[in-house]
Amino acid sequence: MASWQIRSWLSNNLRRVASCSVSTQAALPKNTSAAFSLIRSQPSQYIVASLAGRKYLLAPKDLLTVPHLKDVRVGDVLALQDIHEVGSRDYTLRGDPVISSSRVKVDATVVEHTRGKMEVVFKKKRRKGYQKTIKNKHPYTRLRIGSIEFPDPSNP
């Protein structure tokens, strides 16, 4: 097919699709409080949060493995501060760049400090007799994500 034939076919089919469209848009909330109440009413929620320099998609009861966090012990509870997005199956609310910690509260409990699998690096220079083996295990911290809470901003 020539390019003009493809363009005319696309425009004809797009007109047909546009004329047959059904209105399936959900009602949009009027303000952020209404958006939070819509997300709260959904059966399951998720967040996108920054932790240890990376963004993670998290849901309640998730087990998250991050690079080793210093100055935390097993059993400590961390409050996630940098929450970029809150959502459910039908609704999503994004921060600019983060959502205020007074609107969304998520806690993470330190479960364990562990080490990863053994990584072996073998270095060699040919014909020089130089061989070196480097073995390493990276340290990690495992966190259990708690429930996502939406405190009412009107009640202090």
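**Figure 1. Order of the elements in the predicted protein chain.** From the N terminus on, the elements of the protein chain follow the order α-α-β-β-β-β-β-β-β-β-β-β, which amounts to 2 helices and 10 strands; here helices (H or I, at least four residues) and strands (E, at least two) are DSSP runs, numbered from the N terminus. This is a predicted model, in which local features need pLDDT of at least 70 and side-chain atom pairs count only at pLDDT 80 or more, while totals for chains, interfaces and linings use all residues. Residues are numbered from 1 along each chain as its sequence is written, and side-chain values use heavy atoms, with hydrogens and water left out.

Figure 2. Of the 156 residues of the protein chain, 23% count as buried, where buried means under 20% relative accessible area, exposed over 50% and partly exposed in between (1.4 Å probe, protein chains only). Among contacts (heavy atoms within 4.5 Å) that link residues at least 6 apart in sequence, 67% join residues at least 24 apart. The accessible surface of the protein chain is about 11,800 Å², and 52% of this surface belongs to carbon and sulfur atoms; accessible areas come from the Shrake-Rupley method with a 1.4 Å probe, and for residues only the protein chains shown count as cover.

**Figure 3. The cis peptide bond between Asp96 and Pro97.** The peptide bond that leads from Asp96 to Pro97 is cis, with omega near 0°. Pro97 itself lies in strand 6, which covers residues 92-99.

Figure 4. Asp71 is exposed, with a relative accessible area of 81%. Arg127, also not a glycine, has a positive phi of about 60° and is found in the loop between strand 8 (119-125) and strand 9 (130-136). Arg127 is exposed, with a relative accessible area of 70%.

**Figure 5. The surroundings of His138.** His138 is placed in the loop between strand 9 and strand 10 (139-149) and, at 34% relative accessibility, counts as partly exposed. Leaving aside neighbours within four places in sequence, His138 is in contact with Thr114, Arg115, Gly116 and Glu119. The side chains of His138 and Glu119 make a polar contact (3.4 Å), a term that stands for a pair of N or O atoms within 3.5 Å; within protein, one must be able to donate a hydrogen and the other to accept it, and residues adjacent in sequence count only if both atoms are side-chain atoms. The C-alpha atoms of His138 and Lys117, which are 21 residues apart along the chain, are separated by 7.7 Å.
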